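Here are my notes for your read-through. Keep the viewer open and check each point as you go.

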Amino acid sequence: MISSEAQKEKISFVIPCYNSTNTIGRVVQEIKEVMNNSMNKYDYEIILVNDGSPDGTTYDAILELVKTEKYIKGVNLARNFGQPSAVMAALNQATGDYVVCGDDDGQTPFNELDKLFQKIEEGYDLVEAKYAVREKRSLFRKLGTVLNESMATWLIAKPHGLELTTYWVTRRFVVDQMISYPNSFPYLGGLMLRATQNACNVNVTHRERLSGKSGYSLKKMIELWLNGFTSFSIKPLRIATWVGIIIAAGGFLYGLAIIIMKLAGAAVNAGYSSIMAVNLFMFGVLLCFMGLIGEYVGRIYISLNNAPQFVIKDYQESDEM
């Protein structure tokens, strides 16, 4: 017998949690209010992943939400694997027709989710929130954002002008492609954009975090940049090849010019300082590119050893799922 009411499409909210004991409850409450009002034509689930929070109480807060709220799944990772891996852990549990990713600190304006879904309904496969005005950030975080955006445009063919953020919505087929990635260095922007280029931005409000501070240190920003830099393109290796060719050609032409000048009887002075400068430059470039090659080889080695993206220590879901 066919139901008179068509089954609702489902949205999965995936939220990586790190030291969010005091914020995650309010984030979940906002999602509930949005889904019960402006987005009530959809069913939904919320997947909260504790990414090895050192506060020791974040997963306890998640378990309380699982007990008291419908449609919540709680995932506890065995240790901190980083935000991209925590998102991948959540994506592997998501069952929705659409997936929404957001932050655990209250900065994500879930109350503007309908703006993102307007673009989905227009036919886009991926919609990224864009913050016209951001909170005050340190210089290295601003620099990291610029580097990541430039790298993504050049290496993974990110559509010009598209900005990648941590607040986005995408269709099921994109998620299926993302979770098929088996390696231990996921780069979310690259995984999404190799599945679809049909993407756009929507302007939303960037709010201040409810409490705490960003968990992204300089070390984590560099690791994120390296993930994108080495996981989805061999262009850096090609650059190394061309730089080597150009320097070798320059050295050859310089040596040839010295020989011609000698044969012509011109006085040629070989200064110690200039020789040392050239040597230091050459060895610096050589070591830099050897390190780059080593980064690729190291990641291949780790992947061959089947290093996991994440390890789930515990999983809980509401009895009303």
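## Notes on the fold

1. Let's begin with helix 3, residues 83-91. Eight of its nine residues are buried, so helix 3 is largely enclosed by the rest of the structure. The buried ones are Pro84, Ser85, Ala86, Val87, Met88, Ala89, Ala90 and Leu91. Keep in mind throughout that this is a predicted model.

2. Now zoom out. The protein chain has ten helices and eight strands. Of its 321 residues, 43% are buried. Take the contacts in the chain with a separation of 6 or more: 85% of them link residues 24 or more positions apart.

3. Strand 2 and strand 3 (residues 72-77) run parallel and are joined by five bridges. Within that pair, Leu48 stands opposite Gly74 of strand 3. Strand 4 (residues 98-101) and strand 6 (residues 168-171), on the other hand, run antiparallel, with four bridges between them. Strand 5 (residues 126-131) also pairs with strand 6 in the antiparallel sense, over three bridges.

4. What about the nonpolar interior? Nonpolar side chains tend to be buried together in soluble globular proteins. Here the largest nonpolar core has 36 residues, and Phe13, Leu48 and Phe117 have the most contacts inside it. Strand 1 (10-17), helix 1 (24-35), strand 2 (43-50), helix 2, strand 4, helix 4 (113-121), strand 5 and strand 7 (199-204) each supply at least two residues of this core. Helix 1 gives the most, with six residues. Apart from this core lies another one, of 30 residues, among them Val49, Val75, Val174 and Leu193.

5. Not counting residues up to four places away in sequence, Leu48 touches Ile15, Cys17, Ile24, Val28, Ile62, Leu65, Ile72, Lys73, Gly74 and Val75. Gly74 in that list is the residue Leu48 stands opposite in strand 3.

6. Is Thr58 buried or exposed? Thr58, which lies in helix 2 (residues 58-68), has 0% relative accessibility, so it counts as buried. Its side chain reaches the backbone nitrogen of Ser20 at 3.1 Å. Leaving aside neighbours within four places in sequence, Thr58 is in contact with Cys17, Asn19, Ser20, Thr21, Asn50 and Ser53.

7. The side chains of Asp104 and Ser20 are joined by a polar contact of 3.2 Å. The side chain of Asp104 also reaches the backbone nitrogen of Tyr18, at 2.9 Å. Asp104 has a relative accessible area of 11%, and because the cut-off for buried is under 20%, Asp104 is buried. With neighbours within four places set aside, the contacts of Asp104 include Ile15, Pro16, Thr23, Ile24 and Val27.

8. Last stop: Ala78, in the loop between strand 3 and helix 3. Ala78 is partly exposed, with a relative accessible area of 45%. Ala78 and Asn50 are 28 residues apart in sequence, and their C-alpha atoms are 9.0 Å apart in space. Not counting residues up to four places away, Ala78 touches Val311 and Lys313.

Definitions and conventions. Residues are numbered from 1 along each chain as its sequence is written. This is a predicted model: local features need pLDDT of at least 70, side-chain atom pairs count only at pLDDT 80 or more; totals for chains, interfaces and linings use all residues. Side-chain values use heavy atoms; hydrogens and water are left out. Two strands pair if DSSP finds at least two bridges between them. Buried means under 20% relative accessible area, exposed over 50%, partly exposed in between (1.4 Å probe, protein chains only). A polar contact is a pair of N or O atoms within 3.5 Å; within protein, one must be able to donate a hydrogen and the other to accept it, and residues adjacent in sequence count only if both atoms are side-chain atoms. Contact means heavy atoms within 4.5 Å. A nonpolar core is a set of buried Ala, Val, Leu, Ile, Met, Phe, Trp, Tyr and Cys residues joined through side-chain atoms within 4.5 Å.
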